[in-house]
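Dear colleague,

I am passing on the structure below, together with notes on what was found in it. Please read the notes alongside the coordinates.

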Amino acid sequence: MMPCYQLPISQMRRFGLALILPVALLGVAFPNQLQTATAQTPRENRPLTIRADIQEYDAKNQVITARGNVQMSYPARQIQATSAQAQYFSKERRIDFSGNVYILQQGGNSIRAEKVTYLIDQGRFVALPQSNRQVESIYMIQESDNDGQTAKPAPQTPAFKRSN
């Protein structure tokens with residue numbers, strides 16, 4: 001077999017074309033798929049907007065504290081919240097709300113409590129009431145498609161029996 005550097009120029013061009021052509025076709029055929037994969041990275045930054053009378057940022061601990069008429073909007077999770085105070089712990093990916101907390105999700109689900117912790121990665125709320133009170137949650141339940149009739153009727157309540 002003849003070494004590559006001794007091949008005639010016409011054969012080297014054909015050999016180079018044979019190598020370059022499949023690479024060029026792959027580049028032309030798949031550029032949109034590569035762009036889509038880049039756009040779907042799980043660590044994409046999403047805006048979280050906080051409005052308040054006073055805000056502080058602790059750079060060392062990466063904590064934002066907002067006090068007074070706090071309003072938070074987190075469109076990526078379709079969440080809006082109001083409270084007297086909120087703290088965003090960016091390292092822990094957690095938001096603590098306190099003082100007359102009201103959280104509303106798109107679709108109408110809501111929580112009203114004295115303190116609420118939102119765990120961002122888990123998509124979980126932990127709510128605590130004021131002393132001697134309760135947490136209030138409202139969940140919107142979708143009715144069935146049978147003209148408001150559920151597929152299965154509710155069970156009958158047993159008759160009341162006196163125990164004397």
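Ile-111 has Ser-137 as its bridge partner in β8, and strand β8 (residues 136-138) is joined to β6 by 3 bridges, the two running antiparallel. This is a predicted model, in which local features need pLDDT of at least 70 and side-chain atom pairs count only at pLDDT 80 or more, while totals for chains, interfaces and linings use all residues. Residues are numbered from 1 along each chain as its sequence is written, and side-chain values use heavy atoms, with hydrogens and water left out. Strands are DSSP runs (E, at least two residues; helices are H or I, at least four), numbered from the N terminus, and two strands count as paired if DSSP finds at least two bridges between them.

β6 also pairs with strand β7 (residues 124-128) in the antiparallel sense, over 5 bridges, and there Val-116 stands opposite Ala-127. These two strands, β6 and β7, form a hairpin with 4 residues between them, where Gly-123 in the turn has a positive phi of about 60°. The hairpin of β5 and β6 has 4 residues between the strands, and Gly-107 takes a positive phi near 105° in it.

Leaving aside residues up to four places away in sequence, Phe-97 touches (heavy atoms within 4.5 Å) several residues, including Met-72, Ala-81, Ile-103 and Val-116.

Finally, there are 4 salt bridges, each a side-chain nitrogen of Lys or Arg within 4 Å of a carboxyl oxygen of Asp or Glu. In one of them Glu-56 meets Arg-67, with the closest N and O atoms 2.8 Å apart, and this pair links distant parts of the chain, Glu-56 lying in strand β2 (residues 54-58) and Arg-67 in strand β3, 11 residues apart. Glu-56 is partly exposed at 42% relative accessibility, and Arg-67 is partly exposed at 34%. Glu-92, Arg-94 and Asp-96 are linked in a network of salt bridges, in which the closest N and O atoms are 2.4 Å apart between Arg-94 and Glu-92 and 2.9 Å apart between Arg-94 and Asp-96.

How values were computed:
Buried means under 20% relative accessible area, exposed over 50%, partly exposed in between (1.4 Å probe, protein chains only).
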